[in-house]
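Please walk me through this structure, beginning with the way its chains meet and then turning to points inside one chain.

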Amino acid sequence: MVTLSACGSSGSSGSTGGSGGSKTVTLVSHDSWAVSKSVLADFEKQSGYTVKVLKDGDAGQAVNKAILTKDNPQGDVFFGVDNTLLSRALDNGLFQSYRPKDYDTVASRYRADETEHRVTPIDTGDICVNYDKKYFADHKLTPPAGFDDLIKPAYKNLLVTENAATSSPGLGFLLGTAAKYGDGGWQDYWKKLKANGVKVVDGWEQAYDQEFSGSAGGRKAGGDRPLVVSYASSPPAEVIYADPRPKTAPTGVAQGTCFRQIEYAGLLSNARNTEGGKALLDFLLTEKFQQDMPLNMFVYPVRESAEVPADFAEYGPQAKDPETMAPDRIAADRDQWVKSWTSLVLK
Amino acid sequence: MDLARTEVAPRPRRGGNAARLGLMALPVAFFAVFFAYPVTAIVRRGLRDGGSWQWGRITEVLTDPGIGHVLWFTTWQALASTALTLLVALPGAQVFARYDFPGKQLLRAVVTVPFVLPTVVVGTAFLALVGRGGLLDDLWGVRLDTTVWAILLAHVFFNYAVVVRTVGGLWAQLDPRQEEAARMLGASRFAAWRRVTLPALGPAVAAAALMVFLFTFTSFGVVQILGGPTFSTLEVEIYRQTSQIFDLTTAAVLTLVQFLAVGAILLVHAWTVRRRESALRLVDPSLTARRPRGAAQWALLGSVLLTVAVLLVLPPAVLVQRSLDAPGFGYYTALTHDDSGVFLVAPVTAIGTSLRYAVAATLIAVLIGGLAAAALARRDAGRLVRGFDALLMLPLGVSAVTVGFGFLITLDRPPLDLRGSWILVPLAQALVGVPFVVRTLLPVLRAVDERLREAAAVLGASPWRVWREVDLPIVRRALLIAAGFAFAVSLGEFGATVFIARPDNPTLPVAVARLLGRPGDLNYGQAMALSTILMVVCAVALLVLERLRTDRTGEF
């Protein structure tokens with residue numbers, strides 16, 4: 001028992017040895033975190049901190065585990081809680097207050113928690129139904145324009161979406177329908193969607209890369225659903241990752257089906273290295289990082305002055321008029337909606 | 001073989017209490033700190049709100065139609081899996097017990113391998129067989145991965161050995177002359193079997209069925225990988241409610257439900273095991289097996305071999321084939337690169353991590369389980385100690401997910417601040433290993449003739465010397481077997497490890513599950529390759545055990 005306790009006392013995440021834990025700053029995030037090596041190296045060089053990254057599962061899972069371990073967190077900064085789950089993180093006291101240096105550059109429509117500054121917006125994206133252009137051309141069918149189209153007989157058995165209880169795009173899509181049809185209407189809408197043959201799978205990877213006929217992965221896997229709930233930024237990914245590059249994206253976005261997602265980062269409540277954590281948060285809002293994000297994580301910057309790479313802007317413009325929902329409304333109703341949705345659609 | 005032995009009458013001994021308590025101290029402390037405390041803490045966290053218990057939430061959760069659906073599915077799939085496993089494996093038990101044929105030893109090892117395979121590997125193997133782009137899909141366009149059939153078949157695969165070993169072990173020792181006598185008296189072949197053999201086998205069949213029911217009732221990795229969003233066992237639902245939906249109350253209630261169910265199953269199991277130990281005329285297994293004679297017997301042997309080939313050999317074979325499905329071992333070499341984006345380390349490092357954890361977990365499990373078995377084996381063991389026997393089995397059935405989460409929220413502050421420590425994973429894995437150690441050692445220790453110990457003591461040997469000179473030589477082999485089981489179980493543990501393994505230090509099963517969750521051929525291929533490696537390590541561990549094992553009456 002003595003040896004066990006001895007092992008345990010080395011709780012700090014410092015792996016660099018001699019210089020102590022304070023020179024290492026640990027970022028906890030979800031599996032989609034990505035940054036160009038050179039950009040991160042620049043930060044490490046300028047700040048003197050070594051950045052350690054812990055990717056802890058998908059977005060929801062990473063947030064929940066961070067909350068469970070908040071008394072003794074795995075790292076200093078958490079990146080990747082979005083507006084759909086923000087209230088859960090804030091209500092559970094996951095973050096402490098910090099207003100990063102460049103906070104004023106953040107477009108005001110993305111800001112949240114402005115009285116306490118426990119979270120900082122980092123990126124944004126739109127969750128939208130994507131369509132397989134080839135399928136719709138071959139079948140001489142117009143791609144759906146909005147939510148209303150998805151329940152029409154012409155689109156029967158074409159859509160695959162994610163489990164709203166376990167996947168963040170799945171939840172975003174559900175919230176989009178709730179925003180569009182309101183308390184009285186969304187359940188009715190989903191009943192019709194279910195009757196129209198919507199397929200539900202657990203996660204985005206499975207929906208987009210296995211079931212969807214328009215993505216490179218889905219074509220290979222023999223996916224047979226030409227409509228999928230994904231992101232407005234998925235089409236540029238199909239172009240940029242393709243070899244050879246096609247002239248136009250093989251997939252498109254149904255503009256009237258979008259829900260806006262905003263991702264936040266914050267300094268963890270019991271962070272060991274608060275100074276390093278603050279420096280890291282500052283870095284996430286720098287122009288350099290903000291401009292690096294689009295091609296790494298396929299999201300849009302929140303910094304007004306950040307320039308989006310031309311390819312990205314061309315193939316994946318932001319949705320024109322996405323559905324949105326106030327954070328307090330999401331906080332108040334989310335769990336009940338997910339519960340009703342689960343018994344309505346899955347059971 | 002100890003079954004045939006007549007029990008030595010217990011003798012009252014002074015000082016037995018102190019010795020017993022001494023032996024029990026460490027196991028009791030271990031279970032209190034690393035099992036009871038974390039599990040209680042997570043349940044408490046879910047059921048307490050603002051300083052008062054929310055017992056009302058229990059009925060609220062249990063009457064929820066979604067949860068009702070989970071309870072119903074958990075129960076019926078476990079019943080169906082158990083029935084199907086018995087149906088498929090009982091002929092196998094008979095063939096192993098009664099027939100002698102070339103390659104029997106090898107075949108016995110082959111059918112046992114699946115039992116020690118990690119659930120993640122089993123899930124992956126069936127995915128490669130019946131999933132999208134799997135073998136059946138390629139050949140005939142048949143996909144079962146979104147149906148309950150994939151789950152049931154994987155459960156049969158996994159538990160075939162439980163039936164063959166538990167039932168077959170006893171069957172081989174039943175005196176065939178009893179059945180022959182019944183036939184001489186005019187009973188038909190079937191009537192003789194039904195009236196004579198079946199009743200004798202009954203308790204063993206019941207014990208095997210209960211073990212299979214326990215394993216399938218608490219199934220996690222298999223359902224997680226093959227089930228999709230609609231199929232969910234209690235264990236999977238606890239995971240979803242905690243890790244994805246963050247409804248700790250529902251998770252706590254489900255944990256209690258599973259706890260009660262598993263407790264009930266174990267009680268019934270203990271009862272059937274006691275009944276199995278009742279007097280039966282047993283003979284040496286080597287005397288009962290004969291070469292098959294006549295068309296019917298050859299047909300039975302043939303059908304068992306076919307079942308084994310299709311159900312037990314094919315899925316791992318497809319797994320291996322898929323892992324090689326890239327030019328020049330491409331998926332294996334890809335494991336050595338750290339740029340996949342899934343982990344921060346090359347997936348191949350998971351092998352070293354897993355082996356290191358498994359060695360530590362094995363040492364802990366053998367120490368704790370060995371002490372517990374020594375205490376339980378004492379003939380003066382009282383009712384209290386025997387009650388502890390059943391308690392030691394609980395980690396087998398109590399949600400590993402709950403244990404993992406409990407670890408995260410309890411072992412993170414002094415004096416037990418283990419959260420940043422690697423030892424956390426081996427500790428959780430050892431919990432699951434201990435029941436196997438106890439169950440392997442206990443029958444052997446109980447079979448040690450008490451008179452040997454007493455003779456040694458009378459001749460002036462110290463208790464330590466008695467143990468070293470009398471017990472150790474007898475149990476050494478059993479100890480190695482127990483260690484082997486603990487090792488295989490630790491290697492494959494998934495439910496608890498998935499939470500507490502640090503993201504930058506995944507074990508093999510965790511790495512496999514995460515690779516499977518990522519898109520793309522390369523990730524899929526790497527998952528197959530890592531699963532193959534894990535399977536080979538487990539199979540080698542088991543084959544070594546098979547060579548050591550002489551006593552085939554064990555419960556696993």
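The contact takes in 46 residues of chain A and 44 residues of chain B. This is a predicted model, and the values that follow are computed from it. Between chain A and chain B an area of about 4000 Å² is buried, and carbon and sulfur atoms give 53% of that area. Three residues, A:Lys55, A:Leu68 and A:Lys347, supply 17% of what chain A buries against chain B, which is more than any other three residues.

Seven residue pairs are in polar contact between chain A and chain B, counting pairs with both residues at pLDDT 80 or more. On the side of chain A that touches chain B, at least two residues come from each of α1 (2–8), β2 (50–55), α3 (59–68), β7 (199–201), α8 (204–211), α9 (216–221) and α14 (327–346). Helix α3(A) gives the most to this side, with six residues. By residue kind, the side of chain A that touches chain B divides into twelve nonpolar, 19 polar and 15 charged residues.

Charged side chains also pair across the interface. Side chains of opposite charge can pair when their charged atoms come close. The interface of chain A and chain B holds two salt bridges. In a salt bridge between B:Arg240 and A:Asp202, the N to O distance is 3.2 Å.

Over all chains, the whole structure has 25 salt bridges. Several can be followed within chain A. A:Arg329 forms one with A:Asp333, and their closest N and O atoms are 3.9 Å apart. These two residues are separated by about one helical turn, because A:Arg329 and A:Asp333 lie four residues apart in helix α14 of chain A. A:Arg329 is partly exposed at a relative accessible area of 32%, and A:Asp333 is partly exposed at 23%.

Another salt bridge joins the side chains of A:Arg111 and A:Glu114, at 3.6 Å from N to O. A:Arg111 has a relative accessible area of 23% and is partly exposed; A:Glu114, at 41%, also counts as partly exposed. A:Lys70 pairs with A:Asp71 in a salt bridge, with 3.9 Å between the closest N and O atoms. Relative accessibility is 23% for A:Lys70, which counts as partly exposed, and 48% for A:Asp71, which counts as partly exposed too. Elsewhere in chain A, salt bridges link A:Arg88, A:Arg334 and A:Asp335 in a network.

What kind of link joins A:Cys128 to A:Cys258? It is a disulfide, with 2.0 Å from S to S, and the count over all chains comes to one disulfide. The link ties together distant parts of the chain: A:Cys128 is in strand β5 (residues 120–132) of chain A, while A:Cys258 is in the loop between β9 (251–253) and β10 (259–268) of chain A, 130 residues apart. The link of A:Cys128 and A:Cys258 is right-handed, with 115° about the S-S bond. A:Cys128 is buried, with a relative accessible area of 0%. A:Cys258 has 2% relative accessibility and therefore counts as buried.

A:Cys128 is also one of the residues touched by A:Ser230. A:Ser230 is found in strand β8 (residues 227–231) of chain A. Is A:Ser230 buried or exposed? Its relative accessibility is 0%, so A:Ser230 counts as buried. Leaving aside residues up to four places away in sequence, A:Ser230 touches A:Asp126, A:Ile127, A:Cys128, A:Asn130, A:Trp204 and A:Tyr208.

Methods:
Residues numbered from 1 in each chain as written. Chains lettered and ligands numbered in written order. Predicted model: local features only at pLDDT ≥ 70, side-chain atom pairs only at ≥ 80, totals over all residues. Heavy atoms only, no water. Disulfide = S-S within 2.5 Å. Buried < 20%, exposed > 50% of the residue type's maximum accessible area, 1.4 Å probe, protein only. Contact = heavy atoms within 4.5 Å. Buried area = accessible area lost by both parts, 1.4 Å probe. Salt bridge = Lys/Arg side-chain N within 4 Å of Asp/Glu carboxyl O. Polar contact = N/O pair within 3.5 Å; in protein donor to acceptor, adjacent residues only side chain to side chain. Nonpolar A, V, L, I, M, F, W, Y, C, P; charged D, E, K, R; others polar.
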